Amino acid sequence: MSTATTNWQQIFDALWQQYLKVTPSALAIHQLLSADSTIHNDHIALRTFNVKPVGLDALAAPFERIGYQAKGDYQFKAKKLRAKHYEHPDPLAPKVFISELLVEQCSAQLQAIVSSLISQLSEDLTDSASWVHSGRPWQVSTEQYHQLIDESEYAGWLAAWGYRANHFTVNVNKLRESPELAEVNARLQAAGFVLNGSGGLIKGSPAELLEQSSTMADQASCQFSDGELTIPSCFYEFAKRYPMTNGELYSGFVAASADKIFESTHHS
Ligand code: OOG
Ligand code: NI
């Protein structure tokens with residue numbers, strides 16, 4: 001096993017353990033689907049503000065140091081986000097989808113709250129690769145959280161939960177007999193899991209070379225500077241990819257679908 005392989009496994013193991021602490025439904029779903037399949041992770045996603053020292057590029061750096069390369073670029077105008085996805089030469093390594101909130105396009109109030117969070121950071125926060133799974137590096141109040149989610153659910157989620165995978169993604173192609181995504185959805189719903197219906201249960205199509213569905217985020221207790229709230233934490237996604245004309249599976253993302261997947265952490 002090469003050093004690079006060891007490195008990507010270590011970082012995803014750490015992200016998975018951190019994720020499970022606030023996403024018990026992901027472990028339950030993993031166990032349910034593991035009954036007849038080995039589960040492979042298609043991708044994870046990370047979120048940040050486009051502000052130094054924590055911008056998209058800073059979140060990407062630890063992945064680039066172990067061999068990941070930037071591939072697609074995506075814009076989400078209404079949500080004031082942009083994103084990039086990264087791939088590793090090892091086909092077993094999950095893809096990484098990283099987005100950032102374009103803070104300068106937001107209200108003065110949101111910008112002031114983000115500045116107050118960023119001002120608390122230590123200069124060396126992003127030096128170590130482990131910062132991508134270090135959780136929340138600032139204090140935030142319940143009032144600030146509510147002000148943020150009123151304007152941007154993304155900003156509120158990020159202020160509350162910080163640096164962690166907001167989802168892992170089951171690679172449906174690699175489940176036993178590569179089922180239809182609709183079959184996976186039906187199995188999850190029969191077991192009582194709540195799926196994200198924004199834009200329909202299945203986002204994308206075989207023609208777009210990618211079909212995706214996701215759970216709605218679990219509700220988890222989060223400690224704020226002035227008390228505790230139970231709020232949306234993280235979710236689990238299911239992705240089925242289709243071959244391009246060269247026969248290789250499409251490895252990118254579909255912006256119109258991603259736009260709806262973001263809403264898996266919204267308050268219902
Ligand atoms: C990322 C949403 C997009 C996908 O697979 O299209 C995404 C997020 O919620 O941060 O993961
Ligand atoms: Ni995703």
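These are my notebook entries on a predicted model of one protein chain with a ligand.

**Entry 1: the whole chain**

I began with the overall make-up and found eight helices and 10 strands in the chain. The radius of gyration is 18 Å, close to the 18 Å that the globule rule gives for 268 residues, so the chain is as compact as a globular protein of that length. Along the principal axes, the C-alpha atoms fill a box of roughly 50 × 40 × 30 Å. I also looked up burial: 40% of the 268 residues count as buried. Then I turned to contacts between residues at least 6 apart in sequence, and 66% of them join residues at least 24 apart.

**Entry 2: the core**

Which residues have the most contacts inside the largest nonpolar core? They are Ile98, Ala159 and Ala160, in a core of 66 residues. Helix H6 (residues 153–161) gives the largest share of this core, seven residues. I noted a general point beside this: in soluble globular proteins, nonpolar side chains tend to be buried together. Next I followed Ile98 and left out residues up to four places away in sequence. Ile98 touches Leu46, Leu56, Leu59, Ala60, Ala83 and Lys84.

**Entry 3: strand E5**

I picked strand E5 (residues 167–171) and checked each residue. Five of the five are buried, so E5 is largely enclosed by the rest of the structure. His167, Thr169 and Asn171 point one way, while Phe168 and Val170 point the other way. I recalled the rule here: in a regular strand the side chains alternate between the two faces of the sheet.

Then I looked for the partners of E5. With E1 the pairing is antiparallel, over three bridges, and Ala45 has His167 as its bridge partner. With E10 the strands run parallel, joined by five bridges. Asn171 has Ala239 in E10 as its bridge partner.

**Entry 4: strand E7**

Strand E7 (residues 210–214) is mostly covered, with five of its five residues buried. Leu210, Gln212 and Ser214 point one way from E7, and Glu211 and Ser213 the other way.

Which strands pair with E7? Strand E6 (residues 203–205) pairs with E7 in the antiparallel sense over three bridges, and there Lys203 stands opposite Gln212. Four residues lie between the strands in this hairpin, where Leu209 takes a positive phi near 70 degrees. Strand E10 (residues 235–241) also pairs with E7 in the antiparallel sense, over five bridges. In that pairing, Ser214 has Glu237 as its bridge partner.

**Entry 5: around ligand 1**

I listed the residues around ligand 1: Ala45, Arg47, Phe97, Ser99, Asn166, Gln212, Glu237, Phe253, Ser257, Ala258, Ile261 and Phe262. Strand E1 (41–49), strand E4 (95–101) and helix H8 (255–261) each give two or more residues to this shell. What is the largest share, and where does it come from? It is three residues, from H8. By class, I found six nonpolar, four polar and two charged residues.

Some names were already in my notes. Ala45, Gln212 and Glu237 are among the residues around ligand 1. Ala45 is the bridge partner of His167, Gln212 stands opposite Lys203, and Glu237 is the bridge partner of Ser214.

**Entry 6: a few loops**

His88 is found in the loop between strand E3 (81–87) and E4. Is His88 buried or exposed? I found 20 other C-beta atoms within 10 Å, so His88 is buried. Setting aside its neighbours within four places in sequence, I saw His88 in contact with Trp8, Gly67, Tyr68 and Ala93.

Pro53 lies in the loop between E1 and helix H3 (56–65). A cis peptide bond joins Lys52 and Pro53, with omega about 5 degrees.

Lys80, in the loop between strand E2 (69–76) and E3, has phi near 60 degrees. Lys80 counts as buried because 20 C-beta neighbours lie inside 10 Å. Glu177, in the loop between E5 and helix H7 (181–190), has a phi of about 65 degrees. Glu177 is exposed, with 8 other C-beta atoms within 10 Å.

Notes: Residues numbered from 1 in each chain as written. Chains lettered and ligands numbered in written order. Predicted model: local features only at pLDDT ≥ 70, side-chain atom pairs only at ≥ 80, totals over all residues. Buried ≥ 20, exposed ≤ 12 C-beta atoms within 10 Å, placed from the backbone. Pairing = 2+ DSSP bridges. Rg over C-alpha atoms; globule rule 2.2 N^0.38 Å. Contact = placed C-beta atoms within 7 Å. Core = buried A, V, L, I, M, F, W, Y, C linked by C-beta atoms within 7 Å. Near = placed C-beta within 6 Å. Nonpolar A, V, L, I, M, F, W, Y, C, P; charged D, E, K, R; others polar.
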